[in-house]
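Here is a brief report on one protein chain. It moves from the overall fold to one residue, then to model confidence.

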Amino acid sequence: MARAANLPPSRLSPTLPLLPLLLLLLRETGAQDVRVQVLPEVQGRLGGTVELPCHLLSPSPDVRVSQVTWQRMDSAAVAAFHPNFGVHFPNPQSSKDRLSFVRAGQDTKTDLRDATLAIQGLTVEDEGNYTCEFATFPNGTRRGMTWLRVIAQPENHAEAQEVTLSLDPVPVARCVSTGGRPPARVTWISTLDGEAREHQESGPQSGTVTVTSRYSLVPSGRTDGVKITCKVEHESFEKPTLLPVTLSVRYPPEVSISGYDDNWYLGRSEATLTCNVRSNPEPTGYDWSTTSGVFPSSAVVHGRQLLVHSVDRQVNTTFICTVTNAVGTGHAEQVIFIRETPNTAGAGATGGIIGGIIAAIIATAVAVTGILICRQQQKEQRLQGAEEEEDLEAPPSYKPPVPKAKLEEPEMPSQLFTLGASEHSPLKTPYFDAGVSCTEQEMPRYHELPTLEERSGHLLLGATSLGPPILVPPGPPAVEGVSLDLESEDEEEGEEDEDYLDKINPIYDALSYPSPSDSYQGKGFIVSRAMYV
């Protein structure tokens, strides 16, 4: 169906210019309850067999089909089937040998809902639009249209065209795709500076096309033996067909002489010259001569080789090698210089070259070894750095040292409590070394302050260094003149107090100040800040 809009104007109805578009939009025609199902396009090989599927789709079993008809777009009937009258082919060219219903007409009980048509021996004339028509009751006529496309697979071959050396471009290869429908696409794959020219002509069968492509270039000796590829593409191929071609260029011999090492000296034996040839076709003869016309008696010709059994002064000449083939003749010359003694400089140069090669190999090995060692060291450094980073991120593996106890601190002029107008108690740093046993440290003991009832005199609340002491109004009778001076206590009373404090406040022993130094003797003692925790 996709090809319907591309048909030539002669194949379309002149009175219905929009019919192809309508047919494209109405591929499956009929009402929604009853419709005809066909393929939009069917491809068939030329000379082969193809089937045009056509089915009537109806959800109701009450729909009856009275007749099935196939016809071309030009209204020419192709085939018809009636349950009572059987199969009919109106066109004499469409006989029973080429056309047949795949399902309908097999027996009287055949369901006419399948009207698939088979066409054998496809020709180019069979290509076109086909309409499948169902006559139904009570829904009337239902139609569906299919585009039959006939294709032909081409036969392909490629060959080289032997040419002779020239200065003008000539065809050197040819690729032919015969009997394709549609025409095949032929291209060349080559690294040479050539040009392809294509020509089309009618194929062996009607409606087919033969494509011939020629590859042209300026032939030379270097193009002889070069391979190029012909690429053929066609819709009947699963993948492109590649045909390699080896070019053949006929040219005269290209000659060169080898074997002279600039160290031919008198008395040297078994010196050899070789005549190297490149040509197409192969050489037919070799000829050795000299420019002086005198051929050394010690030189013997063996085809393409010249062998000198013993070098003498007659060999000090210019040798010519002439080669002939079917195209022409080529020659090359070689000047021979005879020395009195062997050329040691040349041998030394050769030895130097060998030594240089060995030295280069050793230097390369040393450099590679150094690079490998450096890489290994860098790898080890990276690993070591990674381990160090892991160690830094992990908890410390060592135990920090125990801080030493500070036994003394400078005097502080603060006065927190005082029992007398002239008694002061400096603040101490609340530090205690838990790592040292209590027996090794002089542990100060806390003394209970007298209560208000025990005070007989007025209680003076000592001010800090910021101002004078503040007098507190007198209260109930209490003990007067009690001081916190540690040295004023009697030794026995101190021991009793310490025993008493050990019983009632054991935890304060581990949190108390060290024993006051001599500089604090005679001064008031205050309770540690640990008491207020």
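## Overall fold

Take contacts (heavy atoms within 4.5 Å) between residues at least 6 apart in sequence: in the protein chain, 63% of them join residues at least 24 apart. The chain is a predicted model, in which local features need pLDDT of at least 70, side-chain atom pairs count only at pLDDT 80 or more, and totals for chains, interfaces and linings use all residues. Residues are numbered from 1 along each chain as its sequence is written, and side-chain values use heavy atoms, without hydrogens and water.

The protein chain has three helices and 30 strands. These are DSSP runs numbered from the N terminus: helices are H or I, at least four residues, and strands are E, at least two. Of its 533 residues, 33% count as buried, meaning under 20% relative accessible area with a 1.4 Å probe, protein chains only (exposed is over 50%, partly exposed in between).

## Glu-235

Glu-235 sits in the loop between strand 18 (227-233) and strand 19 (241-246). Its relative accessibility is 38%, so Glu-235 counts as partly exposed.

Beyond four places in sequence, Glu-235 contacts Gln-43, Arg-149, Ile-151 and Pro-182. With Arg-149 there is a side-chain to side-chain polar contact at 2.5 Å.

## Confidence

The chain averages a pLDDT of 75, and 63% of the residues score at least 70. pLDDT is the predictor's confidence in each residue, from 0 to 100. Residues 1-31 stay under 50. Residues 516-521 are also below 50. Where pLDDT is low, the predicted coordinates should not be read in detail.

Terms used: A polar contact is a pair of N or O atoms within 3.5 Å; within protein, one must be able to donate a hydrogen and the other to accept it, and residues adjacent in sequence count only if both atoms are side-chain atoms.
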